[in-house]
Amino acid sequence: MSAQSSAIVPSRHLLSVVPAGLAWGLAGVVAFSFTVPLTRVALGGLDPLFIGAGRAVVAAALAAGALALTRQALPRGRQWLRLAIVAGGVVAGFPLLTSYALTEVPASHGAVVIAMLPAATAVIAVLRTGERPVRAFWAFAALGALAAVGFAALQGGTGGHLQRADVLLVLGVVACAIGYAEGGVISRELGSWQTISWALVLAAPVMLALTGASVATHPPAATATQWLCFAYLACISMFLGFFAWYRGLAIGPMAQVSQVQLAQPVLSITWAGLLLGEQITWLTVVGGLAVVACAAGASSARASSSRARTGRARPS
């Protein structure tokens with residue numbers, strides 16, 4: 001065997017170590033993990049309304065170009081209504097609510113509360129599809145919500161009461177979970193990246209109006225770094241990150257790829273410490289691990305109940 005061929009074999013073996021679905025899913029999660037800390041940076045010079053709406057406008061322009069270049073067929077009938085649900089949760093609800101929340105709390109704090117998202121998405125998906133998971137699923141989901149809310153109340157320094165920012169974060173998680181769940185269903189009909197692209201285009205007129213209102217009342221006065229952070233939020237967090245994430249889910253196996261999302265809050269907290277110099281307290285670490293563990297338990301219980309139903313459905 002030649003030296004050249006022997007060098008190729010290890011590289012091929014290395015590529016085969018990580019399945020393609022997991023690799024694409026992890027790429028999407030890494031892309032999304034920068035969203036919270038970079039939003040915090042952008043807020044130093046940009047209005048939260050501009051960040052939440054403006055990034056959707058930029059992403060919509062990219063989406064429209066991608067849809068036109070690939071000559072995608074228009075959605076039909078009730079698909080537009082379902083896309084409006086996706087847009088309301090993923091394009092408008094989550095970005096706007098979290099942008100306002102992060103004006104009041106550190107990025108690491110926001111990352112812990114947002115760690116409820118995997119479990120919340122699973123709950124909404126169960127309700128949306130009519131699944132009947134085992135009781136352990138509901139127990140883990142409830143414990144995860146309690147852990148996140150308890151962390152927010154304890155760290156807020158408000159005598160055990162939730163701050164306004166925590167309410168906004170929780171509402172943002174619920175909105176995003178609804179958008180993810182509905183998007184997962186309709187993507188079976190339209191395609192994965194096409195779904196987020198059509199949702200962006202559908203929401204564009206409203207988001208453009210909100211962006212214009214923000215510019216009129218609070219003209220942007222950001223540094224180059226803050227503009228770069230905004231560009232990342234618009235191009236990666238709002239658009240290209242979904243390409244990697246949905247491609248990973250499409251390649252699958254979906255149950256395994258979706259578990260990768262549990263790493264997102266851990267990464268976000270890490271970036272908050274490294275990029276923003278935020279002090280990561282023991283409460284943040286314990287709270288984040290508790291929420292992630294509960295979300296993992298909920299996902300595992302749901303997957304187990306799905307496998308059990310599949311096994312019972314098979315003919316003997």
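## Buried rings

A residue counts as buried when its relative accessible area is under 20%. In this predicted model, tyrosine 180 is buried, and phenylalanine 242 is buried too. Tryptophan 271 sits at 18% relative accessibility, so this residue also counts as buried.

## Aromatic pairs

There are ten aromatic pairs in the structure. Take phenylalanine 34 and tryptophan 271: their ring centres are 4.7 Å apart and the planes make an angle of 5 degrees, so this pair is stacked. Phenylalanine 34 comes from the loop between helix H2 (20-33) and helix H3 (35-42), while tryptophan 271 belongs to helix H13 (residues 264-276), so the pair ties together parts 237 residues apart in sequence.

Tyrosine 180 and phenylalanine 242 go for an edge-to-face arrangement, with 6.4 Å from centre to centre and 75 degrees between the planes. Here, too, distant parts of the chain get linked: tyrosine 180 is in helix H9 (residues 164-190) and phenylalanine 242 in helix H11 (residues 224-251), 62 residues apart.

## Nonpolar cores

The largest nonpolar core has 69 residues, and Val91, Leu200 and Met207 touch the most other members. The top contributor to this core is helix H4 (residues 48-69), which supplies ten residues. A separate core of seven residues lies apart from it, including Ala122, Val126, Phe137 and Ala141.

What does methionine 207 contact once neighbours within four places in sequence are set aside? The list is Gly52, Ala53, Ala56, Val57, Val91, Ala92 and Leu96.

Key:
Residues are numbered from 1 along each chain as its sequence is written. This is a predicted model: local features need pLDDT of at least 70, side-chain atom pairs count only at pLDDT 80 or more; totals for chains, interfaces and linings use all residues. Side-chain values use heavy atoms; hydrogens and water are left out. A nonpolar core is a set of buried Ala, Val, Leu, Ile, Met, Phe, Trp, Tyr and Cys residues joined through side-chain atoms within 4.5 Å. Buried means under 20% relative accessible area, exposed over 50%, partly exposed in between (1.4 Å probe, protein chains only). Helices (H or I, at least four residues) and strands (E, at least two) are DSSP runs, numbered from the N terminus. Contact means heavy atoms within 4.5 Å. Rings of Phe, Tyr and Trp (its six-membered ring) pair if their centres lie within 6.5 Å; planes under 30 degrees apart count as stacked, over 60 as edge-to-face and the rest as tilted.
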